[in-house]
Amino acid sequence: MRIILASQSPRRRELLERMGITNFKIIPAKGDEVIQTRTLTTEQVVEELARRKCAEVAASRPDDLVIAADTLVAVNNRVLGKPRSEEDAARMLAALSGRLHMVYTGVTVSRGSKTVTAHEMTSVRFRTLTQADIIRYIATGEPMDKAGAYGIQGYGAMLVESISGDYYNVMGLPVCRLAKMLVRFGVDPLAMAVEKEQKT
């Protein structure tokens, strides 16, 4: 059995490695991330997107364990994905300024006929941003490939006033929840971490 990460996100790759999982292959899902949201909650949307990504990759890797995830940001019942332009990023950051928002990540783990899906939600509050703050942050280039137009693990940390919940969920992968899910597939990340440390 091989572990497959169905994502090209460097942050998710880094978090898997931090969990002690180093021997995995990256096969990004290529499917459309657009989904009809009018009849679904944000929790249901991220879970469905994670399931779709996982199913796409697992279809050609039935004997491997596939991990897929999808992250969305929601503020005032408005879902924010990745910005399409700098102007779009500026609108998102202005919407988050001085407000509490929620970060949702859906995670699916699959092997053979067994599939488990769950989600994590973290509350994040931004400090009030000036127009100059927004322009400067966008100029770093960091917001352009991230849900909600910011990365908490990078320069975006300077925008975050407080957080309640799983920090790693805001990075794009809820580590604690994923670890518990993997145990259900006979994969113990803590045991893998011990093995990794003993080799160094």
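Predicted model: local features only at pLDDT ≥ 70, side-chain atom pairs only at ≥ 80, totals over all residues.
1. A disulfide needs the two sulfur atoms within 2.5 Å. Cys176 is likewise in no disulfide, as its nearest cysteine sulfur is that of Cys54. The count of disulfides is zero.

2. Cys54 has a relative accessibility of 2%. The cut-off for buried is under 20%, so Cys54 counts as buried.

3. Helix H4 covers residues 131-139, and its buried residues are Asp133, Ile134, Tyr137 and Ile138. Viewed down the axis of H4, these residues fall within an arc of 125°, so they line one face of the helix. The exposed residues Gln131, Ile135, Arg136 and Ala139 are on the other side of H4.

4. Helix H3 (86-96) is part of what covers the buried residues of H4. After H4 comes Gly141, which has a positive phi, near 85°.

5. The second largest pocket holds about 200 Å³ of space. Its lining consists of Met1, Arg2, Ile3, Gly20, Thr22, Asn23, Met192, Glu195, Lys196 and Lys199. Helix H7 (residues 189-199) gives the most to this lining, with four residues.

6. Sorted by class, the lining of the second largest pocket has four charged, three polar and three nonpolar residues.

Methods:
Residues numbered from 1 in each chain as written. Heavy atoms only, no water. Buried < 20%, exposed > 50% of the residue type's maximum accessible area, 1.4 Å probe, protein only. Helix = DSSP H or I, 4+ residues; strand = E, 2+ residues; numbered from the N terminus. Arc of directions from axis to C-beta. Contact = heavy atoms within 4.5 Å. 1 Å grid on protein atoms, 1.4 Å probe; cavity = no way out; pocket = protein on both sides within 12 Å on 5 of 7 lines; lining within 4 Å. Points joined across faces, edges and corners; volume = space filled by probe spheres on them. Nonpolar A, V, L, I, M, F, W, Y, C, P; charged D, E, K, R; others polar.
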